[in-house]
Amino acid sequence: PLCAAIIDINDFKPINDEHGHLAGDEVLKQFAAELQSVCRSADLIGRWGGDEFIVLLDCNLSKATVKIDRLRDWVCGSYKIHGRNGPTKLRVDASIGLAERLRDESMKGLLARADAAMYQNKAAFRASAAASKP
């Protein structure tokens, strides 16, 4: 079994816009370090691009879901950065898409399904954020 998770930091652009690109880079580095600390040595972790990361897990979807839920609880939360106006605490959240490789499926197909699941998760996050605004 093989599962892929694509993780996208929510609302990352405003971090760069409000606090500067160095602060954004700091968030990416801290996020990557948190991600590395919660994953097993057997898991493959990488930066997918921009504010997206990928995790490959050698387990079935049921076990991967438990691991990704634990990962989300660990990496999402309060981050301290040094922005334009000095030290600042930020709330960092992420949308995660998870897919299990199907029999005879290419890696490209697996990643496309994980990416589609991430975008569904991100759409739900945006809808929830919009509903909570006055």
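In this predicted model, the crossing of helices H2 and H3 is right-handed. The contact is made on the H2 side by Phe 31, Glu 34, Leu 35, Ser 37 and Val 38, and on the H3 side by Arg 70, Leu 71, Trp 74 and Val 75. Sorted by class, the residues in the contact of H2 with H3 are 6 nonpolar, 1 polar and 2 charged. The geometry behind this contact is an angle of about 140 degrees between H2, which covers residues 21-38, and H3, which covers residues 61-75, with their axes 9 Å apart. Because angles over 145 degrees count as roughly antiparallel and 65 to 115 as roughly perpendicular, that angle makes H2 oblique to H3.

Helix H2 also packs against H1, at an angle of about 140 degrees and with the two axes 6 Å apart. H1 and H2 are therefore oblique to each other. From H1, the residues Phe 12, Ile 15, Asn 16 and His 19 meet His 21, Ala 23, Gly 24, Val 27 and Leu 28 of H2. The contact of H1 with H2 has 5 nonpolar and 4 polar residues, and no charged residues.

| Helix pair | Angle | Distance between axes |
|---|---|---|
| H2 and H3 | about 140 degrees | 9 Å |
| H1 and H2 | about 140 degrees | 6 Å |

The structure holds 1 cavity of 30 Å³ or more, and about 50 Å³ of space lies in the largest cavity. Its lining consists of Val 38, Cys 39, Asp 43, Val 55, Leu 57, Lys 67, Ile 68, Arg 70 and Leu 71. Strand E3 (52-57) and helix H3 each supply at least two residues of this lining, and H3 provides the largest share, with 4 residues. The lining of the largest cavity divides into 6 nonpolar and 3 charged residues, with no polar ones. Val 38, Arg 70 and Leu 71 belong to this lining and also take part in the contact between H2 and H3.

The largest pocket has a volume of about 180 Å³. Asn 10, Asp 11, Pro 14, Ile 15, Glu 18, His 19, Leu 90, Arg 91, Val 92, Asp 93 and Phe 125 line the largest pocket. The elements that give two or more residues to the lining of this pocket are helix H1 (12-19) and strand E5 (86-92), and H1 gives the most, with 4 residues. By class, the lining of the largest pocket comprises 5 nonpolar, 2 polar and 4 charged residues. Ile 15 and His 19 line the largest pocket, and both are also among the H1 residues that meet H2.

How values were computed. Residues numbered from 1 in each chain as written. Predicted model: local features only at pLDDT ≥ 70, side-chain atom pairs only at ≥ 80, totals over all residues. Heavy atoms only, no water. 1 Å grid on protein atoms, 1.4 Å probe; cavity = no way out; pocket = protein on both sides within 12 Å on 5 of 7 lines; lining within 4 Å. Points joined across faces, edges and corners; volume = space filled by probe spheres on them. Nonpolar A, V, L, I, M, F, W, Y, C, P; charged D, E, K, R; others polar. Axes fitted to C-alpha atoms, helices over the stretch in contact; angles between N-to-C directions. Parallel < 35°, antiparallel > 145°, perpendicular 65-115°, else oblique. Left-handed = near helix turned anticlockwise from the far one by under 90°. Contact = heavy atoms within 4.5 Å.
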